[in-house]
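Please read them with the structure open.

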Amino acid sequence: MSPLDRIANVSILKQHEVDKLYKVDNKPALSSNEQLCFLVRPRIKNMRYIANLVNADKVAGRTRRYKVIFSPQKFYACEMVLEEEGIFGDVSCDEWAFSLLPLDVDLLSMELPEFFRDYFLEGDQRWINTVAQALHLLSTLYGPFPNCYGIGRCAKMSYELWRRLEEEEDGETKGRRPEIGHIFFLDRDMDFVTALCSQVVYEGLVDDTFRIKCGSVDFGPEVTSSDKSLKVLLNAEDKVFNEIRNEHFSNVFGFLSQKARNLQAQYDRRRGMDIKQMKNFVSQELKGLKQEHRLLSLHIGACESIMKKKTKQDFQELIKTEHALLEGFNIRESTSYIEEHIDRQVSPIESLRLMCLLSITENGLISKDYRSLKTQYLQSYGPEHLLTFSNLRRAGLLTEQAPGDTLTAVESKVSKLVTDKAAGKITDAFSSLAKRSNFRAISKKLNLIPRVDGEYDLKVPRDMAYVFSGAYVPLSCRIIEQVLERRSWQGLDEVVRLLNCSEFAFTDMTKEDKASSESLRLILVVFLGGCTFSEISALRFLGREKGYRFIFLTTAVTNSARLMEAMSEVKA
């Protein structure tokens, strides 16, 4: 519903003779209309719903016309279900190839939040074709992409399918000047840590607190200081928001109060005006000032609301624990903090997130901790979460170290390899090292935890770590920065190996000679499985520092809560 609302809202649909909108769930649509049109994702449960409705009409002796529109694409399996249910002849099927929704000047979303669970948990590759189609659309609009880099298995499949589409329709982009110089493909599972951390840039915090949905957010009465909720579009056109969106939260209040003072000064100018100046002021400036005033009061309200919620949760303590986990200090203290979090039943999703962060940064939990945390969690929040643990384990988010898999054991295996060169043994030893997160080693190699002399000044950020209060540079963003510097993966072999992606890191340098120097500064980053506002802010910062311009294409915007909900079998 949200993406549709951005394209054609209810009033537009009403103008085109849409009588009423129903949500597809297990209730019958009590409509007296002669025609029903279903706009659905190609899912089998949706087909069953439609079949039940059509069959109920048949039993009641009603005749209507039915149309099913699949978005973003039609799948054969869905038509099979309609056939099995005996209604294939009663409905007409169509496809709405909706693959890209511009949420902002530099952000395109495919609005496929299900991509993450479908691919990274179920191993379902159904959406890869949709990604390839979206990229094909972009290359027909903006010419070929001269430099392609990617890391991850899904990245490689999307890239290969997209290249195949390009080859089939080679004529379209041949000879065109490329407008976008570089394209990056990144799998979400090569950097779970960034997505699991609490966000502290303003836009990320708004997303964590109020949920930004499809580029807009519902501010409740506590923000609007009236009795009504208000839906606000958050993008570059909102002048106030545009200036604070990438700022660390600690700077936002100061900025807003300064803005309020400036606004007051502009209002006060009208005091000494004569009639003619007054007329100009009213006709030209007043409307803009009023608009700015309205936005300013909304963002101040949002900040106050965030502050209230965060002090209630003891946010400082939480952030301190996260930073300790990232740096690998005080692991015992952090573990007891998580246990306390679970015992106080703060929130099932938050507790899971912290456990996953502990697991990934520590390369899996030692058996004793894993069992104890899992038991406490199930006792605190209920046994129905048992399946969720199985999902997290499968996705590599919350794992248990195999007995004897401490570092010393790993080292002894590797040293044994050196003497024992039988090929079979090599693969055995290394297969037991697969699916490890290796976060510490990667962090050292890429210097993700900046060494800071003195205080880290968040007002004047010096590197991308400011998006996590100076404690950590997002891994995904650091990789992009390194590859851009080298123009390839050369020299990053060790990092790629630690990410378990060696065969999936690729560089494709096609003809760069046609690309202008301006287009080579424009970079498209494709996040498969979702990206966070923190990563977007970090790369915007990198762009300002190095003179690049980043455009983001993501399967959906995500955050730690959405990630955990996708893995959870218990519906909130």
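1. In which loop does Gly529 lie? Gly529 sits between β11 (522–528) and α25 (533–546); helices (H or I, at least four residues) and strands (E, at least two) are DSSP runs, numbered from the N terminus.

2. A word on the source: this is a predicted model, in which local features need pLDDT of at least 70 and side-chain atom pairs count only at pLDDT 80 or more, while totals for chains, interfaces and linings use all residues. Residues are numbered from 1 along each chain as its sequence is written, and side-chain values use heavy atoms, with hydrogens and water left out.

3. Gly529 counts as buried because its relative accessibility is 4% (buried means under 20% relative accessible area, exposed over 50%, partly exposed in between; 1.4 Å probe, protein chains only). Neighbours within four places in sequence aside, Gly529 is in contact with Phe115, Phe116, Phe120, Arg188, Thr555 and Thr558 (contact means heavy atoms within 4.5 Å). Leu563 is 34 residues from Gly529 in sequence, and their C-alpha atoms are 9.3 Å apart.

4. Helix α22 (residues 439–446) has Phe439, Ile442, Ser443 and Leu446 buried. These buried residues fall within an arc of 100° seen down the axis, so they line one face of α22 (the arc is that of the directions from the helix axis to the C-beta atoms). Lys444 and Lys445 are exposed on the other side of α22. The cover over the buried residues of α22 includes α9 (192–196), α15, α17 (348–361), α23 (475–486) and α24 (493–498). Just after α22, Asn447 has a positive phi of about 55°.

5. Helix α15 (residues 315–327) also packs with helix α16 (residues 331–343): their axes come within 9 Å and cross at roughly 135° (axes are lines fitted to C-alpha atoms, for helices over the stretch in contact, and angles run from 0 to 180 degrees between N-to-C directions). That makes α15 oblique to α16 (under 35 degrees is roughly parallel, over 145 roughly antiparallel, 65 to 115 roughly perpendicular and the rest oblique). In this contact Glu317, Leu318, Thr321, Ala324 and Leu325 of α15 meet Ile331, Ser334 and Tyr337 of α16.

6. Helix α6 (residues 128–142) and helix α7 (residues 153–168) pack with axes 8 Å apart, at an angle of about 50°. That makes α6 oblique to α7. Residues of α6 in the contact include Ile128, Val131 and Leu135, and those of α7 include Met157, Leu161 and Trp162.
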